Structure formats: structure tokens, C-alpha cells
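Here is a briefing on one protein model. Keep the sequence and the coordinates open while reading.

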Amino acid sequence: GLVLLSAVFQTSLSGYILDRNGKREGAADEGVGVASGTNTSSSHKRAFVSLMVPAPGLHRIEAYINQLELMRCHLEHYTTDPLIVLTDGEVPLPPSLRAKRVSVLKPSQSRNKKYLTQPTKFHLWNLTEYDRVAYLDSDLVLLGNASLLWDACAEANNASLCAVEDTPAEERLKRQPPYLNAGLLVTFPNRSTFHTLRSHVEDTGTRLLAEQDVLNEVFRDRWARLPPHLNLFDSPRLRNRHHRASNELEIWHAKLFAASDVPRALRRAVRDGKVPQDCWDAFVHEQFHKTRVRHIYIACITIACFSSFFACLLLCSRGGRSAKPPAHSM
């Protein structure tokens with residue numbers, strides 16, 4: 001498990017809420033700090049956001065940082081909207097990633113430890129210096145023109161929250177359909193919504209999927225569905241997906257794929273022009289090479305261990321037979 005995500009700059013002023021109707025209301029920024037060296041004035045009105053905070057059981061952090069670098073590289077090919085990473089400063093990020101310091105939001109106890117710090121995602125609604133923000137899990141892979149994500153939500157009548165519906169096979173969907181997946185969210189920052197969500201932080205500890213379950217409760221009947229290919233999160237869909245033009249947008253939830261499916265599909269995406277070649281060369285090819293070497297190493301160790309084990313069994317078996325005394329003839 002793992003969890004990581006990104007967010008935007010904060011103004012140095014006391015802050016104004018710019019709601020979806022353009023109406024402003026004064027409010028102080030609570031619980032959010034600005035990373036040192038961050039430019040607090042921004043002409044941008046939209047931003048992509050991800051998250052990178054420590055979580056129990058979070059391993060191979062460098063792989064997630066590499067994924068964020070790939071995301072940043074890809075976005076820079078298609079849009080001037082920034083990618084901001086929400087962080088508490090505990091995870092060191094390279095200078096190429098624009099960090100925004102936030103306080104970690106987590107319950108006192110959690111039913112699912114790997115999602116303990118995921119409520120930190122609620123800071124998304126506190127980024128009121130932007131008209132609209134798009135949250136992307138750190139394990140998402142973008143293909144094609146990422147700026148089309150804003151248009152997709154506009155086509156959904158600019159609902160207060162846009163997301164992709166989760167896999168219908170999930171048991172929880174039988175109880176409360178429709179159910180959104182919180183790996184990709186497009187929304188309008190609003191201080192009132194942030195305070196509402198923050199009041200539910202303790203509730204995330206009793207939910208199986210933590211902040212995702214709470215978001216489904218708070219936004220029930222108030223979110224709009226995005227097309228499934230904007231958060232593709234199972235391997236059969238990835239293998240059998242329809243071919244899309246290079247300028248169209250696809251988003252893969254890579255963590256949820258079978259490991260062997262991602263490299264093949266990504267190489268095909270590079271050939272199709274949906275992943276910039278320089279991004280592949282810098283952030284993907286090397287990571288896959290390291291992963292391949294690690295898997296080969298583990299396989300060799302495993303084979304060696306099993307070979308030694310069976311060799312010992314064989315020797316013991318032969319030793320037992322040779323130690324058996326010969327039968328005496330009468």
C-alpha cells in the first residue's frame with residue numbers, strides 16, 4: 001500500500017475563498033503552511049495536485065517519487081498548470097517537484113493502517129487560491145493531452161466533484177451505488193467544504209477505505225461520473241482497452257495492475273505518441289530496468305534456496321539408506 005499525492009501554492013495573504021460561482025468570502029488559512037522557497041503569488045487558476053506523506057507499510061518511496069517526476073514531465077508537455085505535491089516535509093522531494101507543506105490529517109486509530117494518512121488529501125479543498133484543482137494519486141500514469149481532464153469535468157456540467165466510478169464488482173458497491181474512486185478527483189476548492197471534511201477525519205479510522213468512503217458519504221448524489229478511461233484501474237481493461245488517438249487522454253492507476261501488464265502497455269503508449277519519449281527515457285526506462293534486475297535477483301535467490309533444500313533432502317535420503325545394516329544370512 002501506499003499513498004501519495006500533490007497540491008498547489010498558497011497565497012501569503014489571509015486568503016479568500018473563490019467558490020465555483022466566483023463569489024469571494026474572506027477566510028484565514030488554517031492548518032496549511034507554505035514550503036520554503038515556494039512562490040506564493042500565482043497567476044494560475046488551475047493546478048494538478050498529488051500527495052506524498054509517510055504511511056505505515058509505505059515502501060520504495062523512491063519509486064513513487066520517480067512516478068511523480070514522470071507525471072510532472074508529462075504535464076509540462078501539455079499544460080502550464082502546475083503540479084504541486086502536498087507533503088509534511090518528512091519525505092525528501094527533489095527540487096524539480098514543487099512542494100506545498102501541509103499538516104498531516106489522520107485519525108487516532110485506523111481500521112486499515114495503510115490508509116492512515118490519506119485524509120491529508122482533504123487539504124485539496126483548502127487550496128482556495130485556485131478556481132479548480134485536479135487531484136492525482138502518485139501512482140497514476142498519464143497518457144495523452146492531460147489538459148483535457150478539465151474539459152471532461154466541464155462536460156459533466158461542472159459538478160462540485162468529478163471522479164470515475166469504482167469497480168462494480170466491489171462488495172461495497174452493492175450496498176451503496178454509485179461509488180467513486182478517490183484516486184482522481186476534479187473539484188472546486190472551498191473553505192467550507194474543507195472544514196466539513198476535516199470534521200470527518202476521525203471517521204476515516206472506522207472505514208475500510210478511509211477517506212474514500214468518507215468522500216462518498218459527503219458527496220453522495222453530488223458528484224459526476226468521468227469516463228472510465230480517465231482512471232483505468234484493472235489489468236483486463238488495460239490489456240483490452242480501445243486504441244485512442246495520441247492527443248486523447250488516458251489515465252492508468254498503475255498500482256492496481258498486474259505488474260507484468262504495465263511495462264508492455266507503456267512501451268506501446270510511447271510508440272503511439274501518448275508518452276513523451278524524453279519522459280520515458282528519464283523516468284520510466286531506468287525504473288523498469290531496476291525493477292527487472294531486482295526481480296531476476298529475487299528469482300535467482302529463490303531457485304538457489306530451493307535447490308539447496310532439495311539437495312539436502314536427497315543427501316539425507318541416500319545417507320539413511322547407506323547407514324542401514326546388511327541383512328544376515330541364516
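Cys73 is buried, at 8% relative accessible area. Its partner is Cys279: the two form a disulfide with sulfur atoms 2.0 Å apart. The model is predicted, so side-chain atom pairs count only at pLDDT 80 or more.

**Disulfide Cys73–Cys279**
- Cys279 has 0% relative accessibility and counts as buried.
- The torsion about the S-S bond of Cys73 and Cys279 is about -85°, so this disulfide is left-handed.
- The pair links distant parts of the chain, 206 residues apart.
- Cys73 sits in helix H1 (residues 61–78), and Cys279 in helix H8 (residues 277–322).

**Other cysteines**
- A search of the whole structure gives two disulfides.
- Besides the Cys73–Cys279 bond, Cys153 and Cys162 form a disulfide, with sulfur atoms 2.1 Å apart.
- Its S-S torsion is about 70°, so the Cys153–Cys162 disulfide is right-handed.
- Cys153 and Cys162 are both buried.
- Counting bonded cysteines along the chain, the disulfide pattern is 1-4, 2-3.
- The cut-off for a disulfide is 2.5 Å.
- Cys312 is partly exposed, at 45% relative accessibility.

- Is strand E4 (residues 83–87) enclosed or open? Five of its five residues are buried, so E4 is largely enclosed by the rest of the structure.
- In a regular strand, side chains alternate between the two faces of the sheet.
- Both faces of E4 are covered. Leu83, Val85 and Thr87 are buried on one side, Ile84 and Leu86 on the other.
- E4 pairs with strand E3 (residues 46–51) in the parallel sense, over four bridges. Val49 has Ile84 of E4 as its bridge partner.
- E4 also runs parallel to strand E5 (residues 98–101), joined by four bridges. There, Leu86 has Lys100 of E5 as its bridge partner.

**Nonpolar cores**
- Nonpolar side chains tend to be buried together in soluble globular proteins.
- The largest nonpolar core holds 32 residues. Which of them touch the most other members? They are Leu149, Val186 and Leu226.
- Elements that give two or more residues to this core include H1, E4, strand E6 (132–136) and strand E7 (140–143).
- A second, separate core has 27 residues. Among them are Ala47, Val49, Leu185 and Phe194.
- Leaving out residues up to four places away in sequence, Leu226 touches Leu149, Ala152, Cys153, Cys162, Ala163, Val164, Leu184 and Val186. That list includes both cysteines of the right-handed disulfide.

**Aromatic rings**
- The structure holds two aromatic pairs.
- One of these is Phe48 with Trp150. The rings are 5.0 Å apart, centre to centre, with 45° between the planes, and the pair is tilted.
- Phe48 lies in strand E3 and Trp150 in helix H2, so the pair ties together parts that are 102 residues apart in sequence.
- Phe48 and Trp150 are both buried.
- The charged end of Arg225 sits over the ring of Trp223, 5.9 Å from the ring centre.

**Loop residue Lys113**
- Where is Lys113 placed? Lys113 is in the loop between E5 and E6.
- Lys113 is partly exposed, with 47% relative accessible area.
- Between Lys113 and Ala210 the C-alpha to C-alpha distance is 9.4 Å, while the two are 97 residues apart in sequence.

**Overall figures**
- The protein has eight helices and eleven strands.
- Of its 330 residues, 51% are buried.
- Take the contacts between residues at least 6 apart in sequence: 75% of these join residues at least 24 apart.

Methods
Residues numbered from 1 in each chain as written. Heavy atoms only, no water. Buried < 20%, exposed > 50% of the residue type's maximum accessible area, 1.4 Å probe, protein only. Pairing = 2+ DSSP bridges. Core = buried A, V, L, I, M, F, W, Y, C linked by side-chain atoms within 4.5 Å. Contact = heavy atoms within 4.5 Å. Phe/Tyr/Trp six-rings, centres within 6.5 Å; stacked < 30°, edge-to-face > 60°. Lys NZ or Arg CZ within 6 Å of the ring centre and 35° of its normal.
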